Structures are given as C-alpha cells and as structure tokens.
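Good morning, and thank you for coming.

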Amino acid sequence: ILLERCQSEFETDAATKVKEATKGITDAEEIEYHTNLIKKHYLGHMRFIGELYNGDLISIKIMLFCLPTLLKGESDDSSGDVDEEKIECFAKLITVIGSSLEQQSEAMRSVGKTDAAESLAECWKAVEVMAGKRKGEGPKVSNRIKFMLQDLLEMKAKGWVTRRKEETAKTLAQIHKEVAKEERAAKRSSSSASLRNKGNMRRGTSSGDVRKQEKPQVDEDGFVSVAKSKTVSRSVSMSAMDQKYSSRGSTGAKPDRQSSQSKFAVLHESGPTKKASKSKPADETKPKINYLSPEECSEKAKNILKEYFVGGDTSDAVLSIHELVGAGDDGSIARGAKVVEAAILLVLERKKEDVEKFLRVYLECAKDNKIEGESFVVGLNDPLEFLNDVAIDAPLAIPHLANIVAELVKAKIIPFSFLLNSPEYFRTDQNAATFGAKVMKNIGDDAVKSEDFIEVVSKLMTEEDKANHSSVNELIEAA
C-alpha cells in the first residue's frame, strides 16, 4: 500500500495538485500560500522515496526510471517549457540516494551488469549540459536551477559530503546538551575577560607610578629648580666607586675583593625562609579532552573516509582518526570499535580501490597504536554478523571483508583465532568456515599450510559443512 501511494504521488503532477488545492480561491496571497505548501510537500515526497530506496524497500530499477523522468523536466501543458520543479525534485532525490546509487551500480558493473551504470552516466551528462559544464543540446534553465545543479556536481565530486550540515529536528537531550555547551562557553569568555581587565589595571597603575614626576618649582631669579632624584643611577654609583678605589691606590692600598664579593654574595644565597615551589604532577596539569560519543565517532569516521577517497592526504586522515579515538584515554576502546565498524560497513559496499585506501589509513593507525587491537576485534562483530545481508546488495562484500581480515591478521593486529569468538549467528548460519578459508588464501600459502589456522577452520565447520566436505582441507580448497 505504501509503495502504491508513493507511485500515485509521484505520477501526479505538482501543477495538477496546485489547481485542485486553489480551486475556488481568488485571493492572490492565499493561492501563493497553497502553491508553496504543495511544492514543499512534493520535495518532501522525493526525499521520502529516496529514504525508501536507502532502506532497500525500492529497487534500483525503479530509481533509474524515476531519475531520467524528472531530469527531462517535461511539462504537462503544451507550452513546451521546461518544468523546473521536476528538475529540482531530481536534485533533491539524487542528493538523498546518490552515494548508495553509485555504489550499487558499480557493484553491478563489476559482475557484468552495466545497464544501471550506463543509465546513471547518461543522467550526469544531462546534468552537466544544463549546468553549463559540458557542451551539448539540452533544455535551458534559469540561473537558480543552473547553480543548484552545479552544487550537485560539486557534492558528487567530494564524495557526497554536503557543504553544510543539514538542520534536522533535535531531541530534548540534544537541546539540553547544546544549552549546557553554550553556558560553559559564556562562562569561559566572561572569566577570561575579567582576567584581562585586572591585568590592564595593574599595568596602568605601575606605568603611572613610573611616569609620575614632581611639579618643577621656580625660584626668585626665575630659574627652575629640579628636584633631586631619590634613586641613584648605575653610572653615577659606579663612577663614585672607581674614584674611591683610585684614591686608595694612590696611597698604595688595594681594594678588599673578598669583602666586596661578600656583599654581593648575599644576593646569590637562598634564604632559609624561601620555599621551593612544588611542581604539580603531569596528570593534574594535563587538560581534559571531551571526546565525541562512540556513535558520533562512527559518523565522523565515515565522513573522514569519504573525503579521503576523493583525494585526501593519508597523514591527515590518520591524524583525524587519532584525534577522534584518543587511544589510551577512557573509552578509547569503544570509540575505536565504532570507528572500525563504521569504516568497514562503508567500504563493503564500495569498490576495491576504496578498500585498499581504507586499509592504508587504518593499518597506519594500528601500527602507531592510534587504534587499539581490541577495537578492531570488537569493530568486526557487526560486519561479520550482517555479512550475508550486506552481500545481497553488494556482491563484493564477502571478498572485501575476507581481504580486510587477512591484512589485519598479516599485520598481527588481530589473531586469526578471533573468528572462534565471533557472533554466534555468523558462526552457525553464515558459512564461517568457508569465510575463514577465504581469509587463509588471501594471507598466502603459509596460512593455508599452518596447522593452527587449519584447526580454527575445523572448529568453525558446522554439521552441514561436514556433510558437504569430507575434510577441512577439502573445504579450504573449495573456498
């Protein structure tokens, strides 16, 4: 029923809805109000359809029928003008499903099904023509639609990362958290301002004392008498000491260096009342870092990887992950596990090149202990448990994950035996033994011949595996 209603809403033109809603209304403002309301409703419907596709409730075939229909912008009347509202609906829909649609079409291309990728490529050619990025014949659109399509192409080039965060409805907990954050920021700014004011007052007082001079006095003859300075300049005092010692030298006496040194030695002595300042321990002076929650780290890690896939720097990506996890601090295992889990689930639906980029970053993080090994073990649980479900839409998911696990085992980040403690559903219903055999083959001949590895695969074999294969070696060869 839901899909039928969506199809009915999609096939009904916005102009038709406007006519029905404004039937019998003569006030211009009222008509404009209903028109804008229906346009917003139509755009919201496009987003809803996109979310249904992301939730695997609508197939890619239907999406590749809807997108070209919207992009053509054919008007229902006989004027021949382009219906820019349909093109705007295309932009809204592709913004929601663009990333998933490209990944699924590439996965289908890798197994020989090129229809989806070719149809999507034709759509992008038409978008580039309307946006002025490609020469060719196409419908003329207004500057508003032209710039909208240019922003769409820019977002696609950046890995479908939006330029600004989309505002969504917030929960009460999120609102309370933001209010508390703003109060802390206001408190810090007020305290720093008061400290600056106190410092300015002290500086103003001391400088005023230095510049303060006594008022000159004029005597009876009209001359100005200068007040005697209470301080003795260094040059005067030194000249007086030289004269004193020179007069002594004329009589043959020598200055007593020991006595003069004893006078100045007092300055270098540390008095008994002087207390040595106690340095605070490093732990007390170290500022406390407020890390994101594991769920927030998960979303942040996916954005970091998407930007890196487009053409980012490996060192920057490693540093960003390190700042996100905070290895060694409280909660780093949980944050690291979510960062690993989100990244693996992301690359399982992407091409092999992105899997290699992911491994480049995360192996570097593990090598420098920026993500603990335990985080990798925990972070692999969900990808293993839902592997067959992911493989329905992403046929390369199983070989991708086998390659990832093999690289982690080769780098000695995780032991191969961790599969024995993997989720029960994976071990009983998802061909865990066959998956382990694929991992062994990815590692190499040493793993295939290793008794320890063979023993792990043997323990993973179910009754069905034992019925289909006479030995563990036969299962490994068949994998």
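Which residue forms a salt bridge with E122? Before I answer, a word on the source: this is a predicted model, in which local features need pLDDT of at least 70 and side-chain atom pairs count only at pLDDT 80 or more, while totals for chains, interfaces and linings use all residues. Residues are numbered from 1 along each chain as its sequence is written, and side-chain values use heavy atoms, with hydrogens and water left out.

The partner of E122 is K125, with the closest N and O atoms 3.8 Å apart. By salt bridge I mean a side-chain nitrogen of Lys or Arg within 4 Å of a carboxyl oxygen of Asp or Glu. Both residues belong to helix α6, three residues apart, about one turn of the helix. Helices here are DSSP runs of H or I with at least four residues, strands are E runs of at least two, and both are numbered from the N terminus. E122 is partly exposed at 48% relative accessibility, and K125 is partly exposed at 37%. For these words, buried means under 20% relative accessible area, exposed over 50%, and partly exposed in between, with a 1.4 Å probe and protein chains only.

The whole structure holds 14 salt bridges. Among them is the pair R134 and E128, at 2.9 Å from N to O. R134 has a relative accessible area of 39% and is partly exposed; E128, at 23%, is partly exposed as well. Another joins K158 to E154 at 3.3 Å. K158 is partly exposed at 46%, and E154 is partly exposed at 30%.

Let us turn to the second largest pocket, whose volume is about 510 Å³. A pocket is found on a 1 Å grid over the protein atoms alone: it is an open set of points where a 1.4 Å probe fits, with protein on both sides within 12 Å along at least five of seven lines, and lining residues have an atom within 4 Å of a point. The volume is the space filled by probe spheres set on the points. Of its 26 lining residues, E102, E106, K156, R350 and K351 are the closest to the centre. Two or more lining residues come from each of α5 (84-110), α6 (115-130), α7 (143-157), α12 (294-311) and α15 (352-367).

L172 is in helix α8, residues 172-211, and is exposed at 63% relative accessible area.

M46, by contrast, is buried at 0% relative accessibility. This residue lies in helix α3, residues 28-54, and its C-alpha atom is 8.1 Å from that of F10, 36 residues away along the chain.

Finally, the backbone. Most residues other than glycine have a negative phi. N369, which is not a glycine, has a positive phi of about 60°, and its place is the loop between α15 and α16 (373-379). K412, again not a glycine, also has a positive phi of about 60°. K412 is in the loop between α19 (397-410) and α20 (424-429), where its relative accessible area of 76% makes it exposed.
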